[in-house]
Every structure is written in structure tokens, then in C-alpha cells.
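Work through the exercises below with the sequence and the model at hand. Each task is followed by a solution in steps.

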Amino acid sequence: MRERDKKPSRAERAKYGDHTPLTPKEEIPWECKTLLIGIGMSGQLPVVEELKAEAKKRGVKLILKRTPEAVEYLRDHYEEGMNVILHITC
């Protein structure tokens with residue numbers, strides 16, 4: 001578990017208002033079969049299309065859910081080979 005380093009994605013922030021989007025420029029835990037991303041309590045963390053394309057290129061199943069639903073999904077469907085990114089500040 002670690003805190004997100006947003007610096008590589010900050011240049012994209014102006015396009016998304018108050019939120020720094022999640023981009024493939026960040027340290028993404030790609031060593032998995034499934035990547036579950038909790039996009040905040042209200043679903044406001046932007047995930048750029050480039051990240052989605054990178055997941056597809058790597059053969060990683062990408063699941064985007066509001067953070068509460070992502071936690072439930074993790075609890076009910078965790079499997080070996082799954083990594084998780086949770087946005088928990090809003």
C-alpha cells in the first residue's frame with residue numbers, strides 16, 4: 001500500500017477541473033490480470049483513455065467502480081492476480 005504520486009499526471013489536471021486524472025504516466029501496478037480502480041465516493045476521479053488503452057494492450061482487465069462499490073467488489077471477488085487503486089479522499 002502506498003500513497004499516489006500525482007506529479008506525473010498534473011499537467012492533465014486543467015482538462016478535468018479539480019481532479020488530477022489517473023494516467024499511465026503514474027506508477028500503475030500493471031503486474032496483474034485484473035486492475036480494479038475505485039474512482040472516489042462520487043465517482044469523480046478521471047481515468048484517461050490512454051490508461052484504458054494501456055490496460056487493453058497489456059491484457060489487463062480494467063474495472064472502474066465508485067470506491068464503495070470497488071471495496072465491495074474486492075471483498076466479494078478478490079482473486080490472485082488482482083491489483084487495486086482506491087481513490088479515498090472524495
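**Exercise 1.** Does Glu-26 count as buried or exposed?

*Solution.* The model is predicted, so local features need pLDDT of at least 70 and side-chain atom pairs count only at pLDDT 80 or more, while totals for chains, interfaces and linings use all residues. Residues are numbered from 1 along each chain as its sequence is written, and side-chain values use heavy atoms, with hydrogens and water left out.

Step 1. Recall the classes: buried means under 20% relative accessible area, exposed over 50%, and partly exposed in between (1.4 Å probe, protein chains only).

Step 2. Glu-26 has a relative accessibility of 8%, so Glu-26 counts as buried.

**Exercise 2.** Describe the salt bridge between Arg-4 and Glu-26.

*Solution.* Step 1. A salt bridge requires a side-chain nitrogen of Lys or Arg within 4 Å of a carboxyl oxygen of Asp or Glu.

Step 1. For Arg-4 and Glu-26 the N to O distance is 2.8 Å.

Step 2. Both residues lie in the segment before β1, and the pair ties together parts that are 22 residues apart in sequence. Helices (H or I, at least four residues) and strands (E, at least two) are DSSP runs, numbered from the N terminus.

Step 3. Arg-4 is partly exposed, because its relative accessibility is 23%.

**Exercise 3.** Which helix holds both Glu-49 and Lys-52, and how are the two linked?

*Solution.* Step 1. Both are in helix α1; they are three residues apart, so about one helical turn separates them.

Step 1. Glu-49 is exposed at 55%, whereas Lys-52 is partly exposed at 31%.

**Exercise 4.** Where does Val-47 lie, and which residues does Val-47 touch?

*Solution.* Step 1. Val-47 sits in the loop between β1 (34-38) and α1 (49-58).

Step 1. With a relative accessibility of 12%, Val-47 is buried.

Step 2. Contact means heavy atoms within 4.5 Å. Leaving aside residues up to four places away in sequence, Val-47 touches Leu-22, Ile-37, Ile-39, Lys-52 and Leu-64.

Step 3. From Val-47 to Gly-81 there are 34 residues in sequence and 21 Å in space, C-alpha to C-alpha.

**Exercise 5.** How many salt bridges does the structure hold?

*Solution.* Step 1. The structure has nine salt bridges.

Step 1. One of them joins the side chains of Arg-66 and Glu-69, at 3.0 Å from N to O. Salt bridges that share partners also connect Glu-12, Lys-15 and Lys-25 into one network.
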